[in-house]
Amino acid sequence: MAETTVKETKTTAGKRNSLQCYHCGEHCDRSISTDQKYFCCEGCKFVYQLLEENGLCNYYELSERPGIKVRGKFTSQRFAYLDNEEVKRKLLRFDDGNISHVSFYLPQMHCASCIWLLENLHSIDPGILFSKSNFQRKDIFIAFDPTKISLRKVVELLAFTGYEPYISLHDGEKKRGKKTNRKKIFKIGVAGFCFMNIMMLSFPEYFSSGNIGNITLQKVFSYLNLVLSLPVFFYSANEFFISAWKGLQQKWLNIDAPIALAVLVTFGRSIYEIISGTGAGYLDSMSGIVFFMLVGRWFQDKTYDSFSFDRDYKSYFPLGVTLLKDGKEETSTISALQMGNRILVRQNEMIPADAIVVKGRGNIDYSFVSGENTPVVKRRGELVYAGGKQLGPAIEMEVVNPVEQSYITQLWNNDVFTQEKNKERSFIHPWSRYFTLVLFLIAGGAAIYWSFIDSSRIWPSVTAALIVACPCSLLLSATFTFGNMLRHFGNNKLYLKNSSVIEALSKVDTIVFDKTGTLTHSAQAEVFYEGDKFTEDEINMIYSLVKESVHPLSRIIKQELMVTHSVYPLPVKSFKEVAGKGLKGIVGDKQIRLGSWQFVGEDDFFRDPSLTGEVHVSIDGVYKGYYKISNQYREGVADMIRTLPSKKYQLHVLSGDNDAEQRNLRSIFGKQANILFGQSPQDKLNYINKLKNEGRKVLMLGDGLNDAGALKQSDVGVAVSENTSQFTPACDAIMDSNEVSKLYHFIRYAGSGKNVITWSFILSILYNIVGLSFAVQGLLSPLIAAILMPVSSISIVTFVTLATSFSAGNKGL
């Protein structure tokens, strides 16, 4: 290296000097401005001017820099496929020629300003009649007049304002419906209404200790209760009977069998007592059983109905493509693509099928498919696999395999995607079965005893035992424990698919991590500069050159220069980017080169193997220094790895990237961890399968489509996402990327669930012992049953709620 004064600086030291875009808040230079406001791109400037012209600048007052950066370049044909009648039929929810309805998923929606703007689209274009957003689901419902504005123009308007809809092949094949289970809501409503009214009509019976003076009123109240109980028994409770019957057909006493038995016995004895005039029955207890169980299950199912855990490749591919026929552009659906079709793929568009490059040069980003960050250059005649994204100018391609036969869909053709996960029966099921068997033995014993002593007490004692010892309190404890735990997991931004994932998570003994996007930030890096100090003019020259490049390292340097300096772009002449080597150009009157040390002409350089990349700089043939770029690991990851007990958990790292991070990963994970690089999606799936065949319980954390097979194959697959509402691979849980450091806390909390349920079971059993002691003697009156059963249910729900909340705090959540 040339003799010079060398010093090292972390480029983020000067963040206070950077400009921020007035619209979206991203760092920018001074080249784009209007009204004394600076913008990062023409798109943000255009949106600001659009809002200003329509009197909608209140948008900027609701939140500071609330806008979304307008990504990509919009051409007149980008959304042309939306003029295709077949596409419109698939997307429109309603259309009568005068009014059309459509719903779109908008992953960019993030604040009150977004909602305000999206619900005021009619102020920008009168063809939009009204729009309504759902912040939880990140979608928007739009009603528009197709005679004034087309579906294509609606999407273009959303895209121009920064809210480009996510339109995929999945949307075209199956329209998303509401996830609300209305039938379950109706059942809860019916059971709740009847339960409350039966309780109210039973008050005279309670307060008079069963001795109502007016016999007529007593009969009226009893028969009204019987009428009110009919919809509960035949409608609200039918799912328990159906489930129990299916279990018996398979010779298995499932968790719903004792509930169905308790409801049946309670209802049957109540009818007998009311018709015979020997009592008021237990209809309040029966309707209470059904109501509490339905509420508990709804609470557990409702938790994350806005998340999608079962996505396949159709959720990632675009719905429309641009065909080239006789030199003219035509729009078509991706499902209509056939071998030999010519297609046009524009900048930042996904390659829809395996195809060869016919015209232009491909600069393909495979990071989401393979995990490799560096773009791959593809020239004429070379094959490009589906799923990559074109970073450079538009290219013409010829399809060799349609989407259903492409390389990426092979992941979903694997048998692993047809297998049902977590099929093991919960530990609750055998407890319920044993409880039911013991209960039958006790009831049978009471029947035998009273057959010798007093046969008139057989029916009261047996039915009372079956009623008061209902396992609903046991089952409620599990339902509300898992439901409350799901809530605490969600509060800490780990969203589990269902309660069975909690049990599976508590059993893991092997943890496998993806690297890029999981352990490291997918779009951030640590940048240091070592070498001669640059002048401000030289900084602007370097910035101007890297601004012309789409390479990830160039983009990182560009972002860092905007953060640390008040940069201004200069004209670049003779720009050339040499694949795998670097870029060069003339800025002002100086020749600037950035790239590998060989490319810039520095022969005396020793490469640091711990770095992801080095970008060397020379100006007019004089070597100046180099930028050192390494992955930026998520905060707290190293501490989290150290807290995982090495004797309890095996740790593995599978990366599709190169081995530049080998030393850093080894320093974090230690010598015992198995760290592999260059892993293809199939390699990752096979590796997880190998661990499971060895008897390991595997937890896999990944973020990309390349991790989909491994996530599905593992016992617990957690998709790590920068935005939990964004599309993620098929998984058992979705974790906010900022919460990866809490992994060990999540595992420990999952393990505490079984302890909470065990203690609540003990309380329930103690209650049942007390109740059964009265029941087998034939001394259990309706009044005592009516008091004991609700008190038991409420006490169990209260206990598990407090216990799970305490455990969450104790486990660091």
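Guide: Begin with a salt bridge. The model is predicted. The side chains of E86 and K90 meet in a salt bridge, with 3.5 Å from N to O.

Visitor: Where do E86 and K90 sit relative to each other in helix α3?

Guide: First the general idea. An α-helix has 3.6 residues a turn, so residues three or four places apart point the same way. Now the case here. E86 and K90 are 4 residues apart in helix α3 (residues 85-91), so about one helical turn separates them.

Visitor: Is E86 buried or partly exposed? And K90, buried or partly exposed?

Guide: E86 has a relative accessible area of 32%, so it is partly exposed. K90 is at 21%. The cut-off for buried is under 20%, so K90 also counts as partly exposed.

Visitor: How many salt bridges does the structure hold?

Guide: The structure holds 19 salt bridges. Take R346 and E329 as another case. Their closest N and O atoms are 2.8 Å apart. R346 lies in the loop between β12 (342-345) and β13 (354-359), and E329 lies in strand β11 (residues 328-333). The pair therefore ties together parts that are 17 residues apart in sequence.

Visitor: Which accessibility class does R346 fall in, and which does E329 fall in?

Guide: R346 is buried, at 10% relative accessibility. E329 is partly exposed, at 37%.

Visitor: What links K690 and E694?

Guide: A salt bridge, with 3.1 Å from N to O between the side chains. K690 has a relative accessible area of 47%, so it is partly exposed. E694 is at 48% and is partly exposed.

Visitor: Which residues are linked in a network of salt bridges?

Guide: D83, R152, K153 and E156 are linked in that way. Two of these names, R152 and E156, come back among the buried residues of α5.

Visitor: How many residues of helix α5 are buried?

Guide: In α5 (residues 151-160), 8 of the 10 residues are buried, so the helix is largely enclosed by the rest of the structure. The buried residues are L151, R152, V154, V155, E156, L157, L158 and A159. After α5 comes G162, with a positive phi near 100 degrees.

Visitor: Which residues other than glycine have a positive phi?

Guide: Start with the background. Most residues other than glycine have a negative phi. Here S574 has a positive phi, near 55 degrees. D620 also has a positive phi near 55 degrees.

Visitor: Where is S574 found, and where is D620 placed?

Guide: S574 is in strand β22 (residues 572-578). Its relative accessible area is 56%, so S574 is exposed. D620 is in the loop between β25 (613-619) and β26. At 41% relative accessibility, D620 counts as partly exposed.

Visitor: Next, helix packing. What do I look at?

Guide: Two packed helices are described by the angle between their axes and the distance between the axes. Take helix α18 (residues 536-547) and helix α19 (residues 552-564). Their axes come within 9 Å and cross at roughly 140 degrees. That makes α18 oblique to α19. The crossing of α18 past α19 is left-handed.

Visitor: What about residues apart in sequence? How far apart in space are S461 and A446?

Guide: S461 and A446 are 15 residues apart in sequence, and their C-alpha atoms are 6.9 Å apart. S461 is in helix α15 (residues 458-468). Its relative accessible area is 0%, so S461 is buried.

Visitor: And what separates G636 from L519?

Guide: Along the chain, 117 residues; between C-alpha atoms, 9.9 Å. G636 lies in the loop between β26 (622-633) and α21 (637-643). At a relative accessible area of 27%, G636 is partly exposed.

Visitor: Last, the surface. Which residues form a nonpolar patch?

Guide: The patch is made of W759, I762, L763, I765, L766 and I769. Together they have about 580 Å² of accessible area. One of them, L763, is in helix α25 (residues 743-775). L763 is at 38% relative accessibility, so it counts as partly exposed.

Technical notes: Residues numbered from 1 in each chain as written. Predicted model: local features only at pLDDT ≥ 70, side-chain atom pairs only at ≥ 80, totals over all residues. Heavy atoms only, no water. Patch = residues over 30% accessible without salt bridge, like charges linked within 9 Å, V, L, I, M, F, W, Y side chains within 5 Å. Areas by Shrake-Rupley, 256 points an atom, 1.4 Å probe, with all protein chains shown as cover. Salt bridge = Lys/Arg side-chain N within 4 Å of Asp/Glu carboxyl O. Helix = DSSP H or I, 4+ residues; strand = E, 2+ residues; numbered from the N terminus. Buried < 20%, exposed > 50% of the residue type's maximum accessible area, 1.4 Å probe, protein only. Axes fitted to C-alpha atoms, helices over the stretch in contact; angles between N-to-C directions. Parallel < 35°, antiparallel > 145°, perpendicular 65-115°, else oblique. Left-handed = near helix turned anticlockwise from the far one by under 90°.
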